[in-house]
Amino acid sequence: MATGLRRTEQRHPESLGLDARSSQEVLARLLDGQVQALASVDAALPAIAEAVALAADALDRGGRLVYLAAGSPALIALADALEIPQTYGEPAERFAAILAGGLDIVRDFTGGPEDDAAAGRRDVEAAGIGACDCVLAVSASGSTPFVVAGLQAAREAGAATVAVANNAGAPIFAAADVAILLDTGPEVVAGSTRMGAGTAQKAVLNMISTALAVRRGHVHDGHMVSLRADNAKLLERAARMVADAADTTPETAAAALRETGGEVKPAVLLAAGAPDLSDARARLARTKGDLRRALQELGR
């Protein structure tokens, strides 16, 4: 193993002869690599919690959570940014992604744009990043020029900054208020950080966005009560949530959802005894969308 290389570029000691193994043996080795990589997340939990607090403060101030990434991390970050509004009912404009190469990467995925540090700065400036925002940068190496320069520009603009990287002492950490080190080590396929490093990154972004949703009142007893029920599967799920949260029948839950146009929280309150939709909405307004507190007002 070449010790002068970053850990994410080193060859895994158990990768020798990988190409001579059966497909099942290769798959087993790859799975083991993913599991080992995920173990790195546990040590990072305190820093991840700090990142959640920074992002929540930004959103509470009316700012944005902005993902900054290049290469494979950009695809992971884009998925998280796109999923939050659908899953938790947050305004789409509050979750943005600044990606090396822009959205063109979804059809022309090349590595060149990640080396453009000037573009990272320009894109951050063009996005109007400011003191109300939180910028979350992701880079396996922690030295990607686009991402490092972009995060530095965000910090200079007064934004809260979070960096996720898979190498200790990564340059990106210098511009971060919160540094999240995921020490995933060498990959089974050397340098293929879409594997173990990417799995750990995906887990962390999922955790941050979901913990934010919990803090912001979008989760009640494990239910995603702010989802946008815009297809048959989600409408069915919404009805189950209303019935469960209001402790009522499926028929009552379905009727309440029809009255609210598919909105779960006011439907729960209607099914739980709120006299009308106006009253249900008023209760949610008083509790700033906190369904548990609104139900407590109803004596539930």
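This is a predicted model: local features need pLDDT of at least 70, side-chain atom pairs count only at pLDDT 80 or more; totals for chains, interfaces and linings use all residues.
Author: Residues are numbered from 1 along each chain as its sequence is written, and side-chain values use heavy atoms, with hydrogens and water left out.

Reader: What makes strand 3 largely enclosed by the rest of the structure?

Author: A residue is buried under 20% relative accessible area, exposed over 50% and partly exposed in between, with a 1.4 Å probe and protein chains only. Six of the six residues of strand 3 (residues 134–139) are buried, so the strand is largely enclosed. Strands here are DSSP runs of E with at least two residues, and helices are runs of H or I with at least four, both numbered from the N terminus. Cys134, Leu136 and Val138 point one way from strand 3, whereas Val135, Ala137 and Ser139 point the other way, and all are buried.

Reader: How do you know that strand 3 pairs with strand 1 and with strand 4?

Author: Two strands pair if DSSP finds at least two bridges between them. Five bridges join strand 1 (residues 65–69) to strand 3 in parallel, and six bridges join strand 3 to strand 4 (residues 160–165), also in the parallel sense. Val135 of strand 3 stands opposite Val66 and, in strand 4, opposite Thr161.

Reader: Why is the crossover from strand 3 to strand 4 called right-handed?

Author: The term applies because, with the strands pointing away from the viewer, the path from the first strand over the helix to the second runs clockwise. Here the chain passes from strand 3 through helix 5 (residues 145–156) to strand 4, and this β-α-β crossover is right-handed.

Reader: What makes the phi of Asp221 and of Asp247 worth a remark?

Author: Most residues other than glycine have a negative phi. Asp221 has a positive phi of about 50°, and the phi of Asp247 is positive too, near 50°. Asp221 is found in the loop between strand 6 (219–220) and strand 7 (223–224), whereas Asp247 lies in the loop between helix 7 (232–246) and helix 8 (250–260).

Reader: Why are Asp221 and Asp247 called exposed?

Author: Asp221 counts as exposed because its relative accessibility is 56%, and Asp247 is exposed because its relative accessible area is 67%.
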